[in-house]
Amino acid sequence: MSSYILFLLLGLGSGAVYAVLGLGLVLKYRSAGVVDFAHGAVAMFCAYVYIELRSNGELQFPWILIPHQVKVASSNGMAVIPSIVITLVYSAILGLLFYVLIYRPLRRAPALARVGASIGVMLALEGIAILNYSTFALSSPPILPDSPLHVAGLFVPSDRLYLAGLTILVGFTLAAVYRFTRFGLITRAAVENERGAALLGHSSSRIAAYNWVIATVLAAAAGILILPITTLNPGTYTLFIVPALGAALIGRFSSFSVTVIAGLVIGMLQSELTKLQTVWTWLPQQGLQDGLPFIFIMIAMILLARRLTPRGAITDVHNPAVGRPNRPAITAGSSAIVGIIALLLVSSEYQSAIISSAITACICFSVVVITGYVGQISLAQNALAGISAFMLSHIAQSLGIGFPFGLILAALCAVAVGLVIGLPAVRVRGVNLAVTTLATAAALDALVFNNTWFSGGYVGRHVGGPNLLGLNLAIVGAGRTYPRLAFGIFVVIMVALVGFLVARLRNGRMGRIFLAVRSNERAAASIGVDVARTKLVAFAIAAFIAGIGGGLLAYQEQNINPDAFTLWTSLTILAITYVGGVGRITGAVAAGALLASNGVVPTLLNNVFNFNQYQLVIAGVLLTLTAVANPDGMTKEMGAGMTKLRLKIVDAVRGQKPAAVGVTESPPASAPKEMVGR
Amino acid sequence: MSASVPAAVPPDTAAAPILEVQQLRVQYGNVVAVNDVSFGVKQGSVTGLIGPNGAGKTTMIDALTGYTPASHGTMHFEGQEITGARPHRLARRGLVRTFQSVELFNDLTVRENMLVASEPPGMLSALGHVFWPERRGAQEAAEWALSLTELADVADRVPTELSHGQRKLVGVGRALARRPSLLLLDEPAAGLDTEETRALGERLRTLPQNGVTVLLIDHDMGLVLSICERVMVLDFGNLIAQGTPAEIRADQKVIEAYLGTERGEP
């Protein structure tokens with residue numbers, strides 16, 4: 001019995017971190033209205049700042065390429081207290097900069113832009129940490145006293161109890177400050193009514209900045225104090241965000257005390273699961289702990305959905321622009337022909353790059369449908385591709401079903417999971433939906449892709465090549481050519497077909513229903529649109545598209561393993577689609593060609609300098625920049641430019657002078673290709 | 001095409017109420033927004049519901065169309081109980097509303113705003129049309145709504161490019177494109193100038209000939225009293241009077257509650 005209690009108490013350490021990060025999320029949300037997905041990444045980076053000060057006296061900066069460290073003490077490192085003080089001051093400045101440069105400009109931006117910006121910061125910090133510190137795990141000597149404490153017949157490391165005590169103290173101090181002091185009163189007033197607070201002489205953005213700084217300093221403190229009982233590496237620390245979001249959600253993003261308790265409970269239950277796995281051996285042996293916050297988030301969403309999203313709240317926000325494909329058949333056909341000609345002309349390296357670009361574009365199409373057209377933020381689209389990729393292997397192996405029915409069946413499996421991901425969308429909106437989909441992607445990552453039976457673990461699973469009516473379309477054959485041209489043509493045609501169907505969908509009745517729901521759910525219901533069913537259908541369609549993309553990826557890789565579908569890859573897919581232009585098919589194509597890590601342009605750059613390693617940083621930085629400066633994505637300008645160019649060419653052919661063309665207006669009906677900015 | 005096209009009014013039910021409300025009450029906590037209101041709307045009529053600001057007019061529309069749950073009472077539409085039905089179901093059955101705050105689909109052109117309302121709302125057939133060509137049937141209702149609201153000239157523009165008056169009309173047109181048998185209009189004249197209001201009144205008056213019964217909610221007395229056959233007056237959630245425009249003009253309670261005190265209001 002006592003060992004069960006011991007495991008509960010041991011969980012207080014990580015529970016304290018979740019609780020403090022959760023408190024920071026509540027502070028940021030209450031003051032600035034932002035759910036900061038980068039909160040864990042900030043804690044991670046500050047922990048590196050501390051550990052580098054301690055071990056070699058260098059102060060670290062969040063950038064790459066130019067020297068990122070400055071010597072501030074002897075190489076033997078700095079003492080504990082000054083290191084902590086410097087790190088906390090550092091974190092305060094970092095928090096202030098992030099708020100002023102990124103989140104303040106987004107105060108009135110739609111949920112997608114804010115989610116995009118914070119995920120961009122998260123990816124960028126993650127990428128910077130990997131480049132500067134590698135993924136090698138670091139550990140730290142004790143900071144808090146950790147002598148074993150004798151409690152009720154158990155020896156408990158006392159640092160866990162100190163951490164929990166400090167956390168509770170911080171939580172209740174914040175609760176008291178916000179309830180009883182003038183500062184707390186003003187913060188609450190500013191969130192309720194920004195203009196009202198301004199009339200009383202309080203700048204809401206200054207108040208938000210203070211709160212943002214407090215939250216960041218708390219995150220840094222948590223990151224430092226947890227160091228001795230965990231190991232520091234870029235990934236795990238950043239992903240503390242998932243349980244922290246769970247805690248903040250249970251606290252409804254408003255109650256400090258509930259958030260603290262929820263964080264501690266999540267930590268304790270995770271630890272208890274470790275014990276239970278040794279007793280109940282039928283439990284999954286891997287990933288259960290990481291899946292637990294998902295359950296918390298789901299429960300919180302179901303219980304609190306109504307409170308979180310006041311019904312009929314009128315949103316007068318600017319959604320990302322949506323493309324209007326003019327002639328889908330011609331565009332898709334000519335794109336396929338261009339792709340095939342390119343395949344014929346280039347070396348095998350670039351053939352692979354074209355194939356990768358096309359497959360990534362296909363997965364990005366799913367983001368265009370669900371996030372671009374219907375406005376539902378899904379952070380799990382690449383996980384859906386992964387479900388399909390592994391199912392393709394299972395279906396071929398156990399049922400002996402090959403292409404094309406195997407691919408369709410596999411994509412339908414992704415649809416089943418996609419519906420589960422979409423189910424909360426019936427009741428929750430905007431950023432809350434982003435949180436649930438993030439939690440789902442994390443749970444799939446931890447429980448499903450980590451499951452050796454399902455994914456083959458590190459070895460991965462074999463996927464045989466496609467074969468259509470005796471025509472061998474596999475990427476490798478008897479000869480030595482890799483990739484085989486037949487496979488390249490197959491992929492290009494498949495993806496062009498999917499793009500064509502997405503364009504048909506956009507232009508047709510379904511597209512109008514989707515955009516109606518994105519624009520205004522209340523009004524959509526008033527003319528007979530079943531909003532809940534529309535969202536589910538959209539999630540299903542997007543999952544199917546992602547599933548086709550995942551299947552194609554499996555055919556390309558031949559041996560598919562879980563690394564291809566981690567949480568990071570799903571976030572990256574959203575990031576690059578958003579940067580390309582989330583409302584446009586060309587946005588997805590641009591994402592595949594210009595931004596996908598193995599895409600055409602990155603391959604080109606990779607040959608000039610070692611580009612691949614910077615992908616996460618670049619995706620993150622571009623995502624944040626896009627969210628702040630250009631929410632319609634880069635293809636909006638390209639689309640407008642293309643229209644201008646086309647009209648000039650048409651004029652030139654007719655032998656007329658180029659007319660001045662307002663590029664924001666509709667093109668003449670005869671303009672070929674697609675995408676005109678509006 | 002069954003429920004969406006209003007049938008010709010059968011002679012024996014011509015006078016029967018298309019909408020019948022009994023003892024409808026809407027309560028938010030302790031605040032009673034609509035207090036045990038009963039009334040009927042005659043098929044083929046233009047009926048008015050007026051009342052000063054805060055009288056509970058919009059709450060009443062919300063309750064009738066499923067946007068707000070009724071705390072008590074029953075509602076019958078075309079003889080069938082609709083209490084507790086969800087908004088999109090009611091819209092599909094022919095009970096369609098507009099919004100005071102317009103609420104258009106700003107990503108769609110004016111024509112598409114009408115089209116999305118006139119097309120059959122089923123998702124499966126919509127999915128089917130990704131793969132094979134669409135039938136053109138639904139466009140008739142959309143074009144009908146466009147011509148009735150005289151918006152054909154701006155049909156290919158997006159609502160954000162239009163004037164407020166035009167946007168109001170798009171809202172009315174979109175509701176008409178659903179081919180309602182009963183149209184609930186929530187303050188369609190708010191924000192329109194005198195000439196626009198008069199033109200709107202002319203159009204609304206013709207709707208019963210097209211098979212659309214109208215319940216017009218507004219606080220523009222001039223509009224309501226000039227085009228409605230029957231008028232009901234709501235004040236602090238209570239129905240204080242109903243009758244012909246002439247009767248309402250003469251009603252002492254109405255004058256006290258509404259006309260007498262609020263005359264200065266435009």
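Reply: Happy to. The contact between the chains takes 31 residues from chain B and 29 residues from chain A, where two residues are in contact if their C-beta atoms, placed from the backbone, lie within 7 Å. On the chain B side, the elements that give two or more residues are helix H2 (87-93), strand S6 (95-97), helix H3 (110-118), helix H4 (123-131) and helix H6 (164-177) of chain B. Helices (H or I, at least four residues) and strands (E, at least two) are DSSP runs, numbered from the N terminus. H4(B) gives the most to this side, with five residues. By class, the side of chain B that touches chain A holds 17 nonpolar, four polar and 10 charged residues; here Ala, Val, Leu, Ile, Met, Phe, Trp, Tyr, Cys and Pro count as nonpolar, Asp, Glu, Lys and Arg as charged, and the others, Gly among them, as polar.

Please keep in mind that this is a predicted model, in which local features need pLDDT of at least 70 and side-chain atom pairs count only at pLDDT 80 or more, while totals for chains, interfaces and linings use all residues. Residues are numbered from 1 along each chain as its sequence is written, and chains are lettered from A and ligands numbered from 1 in the order in which they are written.

Now to confidence. The model scores ipTM 0.90 and pTM 0.88. The mean pLDDT (the predictor's confidence in each residue, from 0 to 100) of chain B is 86, and 90% of its residues reach 70 or more.

Chain A averages a pLDDT of 86, and 92% of the residues score at least 70. Its residues 307-316 are below 50, with eight contacts beyond near neighbours in sequence; residues 657-678 of chain A are below 50 too, with 49 such contacts.

Chain A is divided into domain 1 (17-241) and domain 2 (328-567), with bounds from an automatic or database domain assignment. Their centres, taken over C-alpha atoms, are 36 Å apart. Six residues of domain 1 of chain A are in contact with seven of domain 2, and the domain 1 side has five nonpolar, no polar and one charged.

Lastly, one helix pair in chain A. Helix H16 (residues 381-399) and helix H17 (residues 405-422) of chain A pack at an angle of about 135°, with their axes 8 Å apart. Axes are lines fitted to C-alpha atoms, for helices over the stretch in contact, and angles run from 0 to 180 degrees between N-to-C directions. That makes H16(A) oblique to H17(A), since angles under 35 degrees count as roughly parallel, over 145 as roughly antiparallel, 65 to 115 as roughly perpendicular and the rest as oblique. The residues that meet include Leu384(A) and Ile387(A) in H16(A) and Leu407(A) and Val417(A) in H17(A). This contact divides into 13 nonpolar, three polar and no charged residues.
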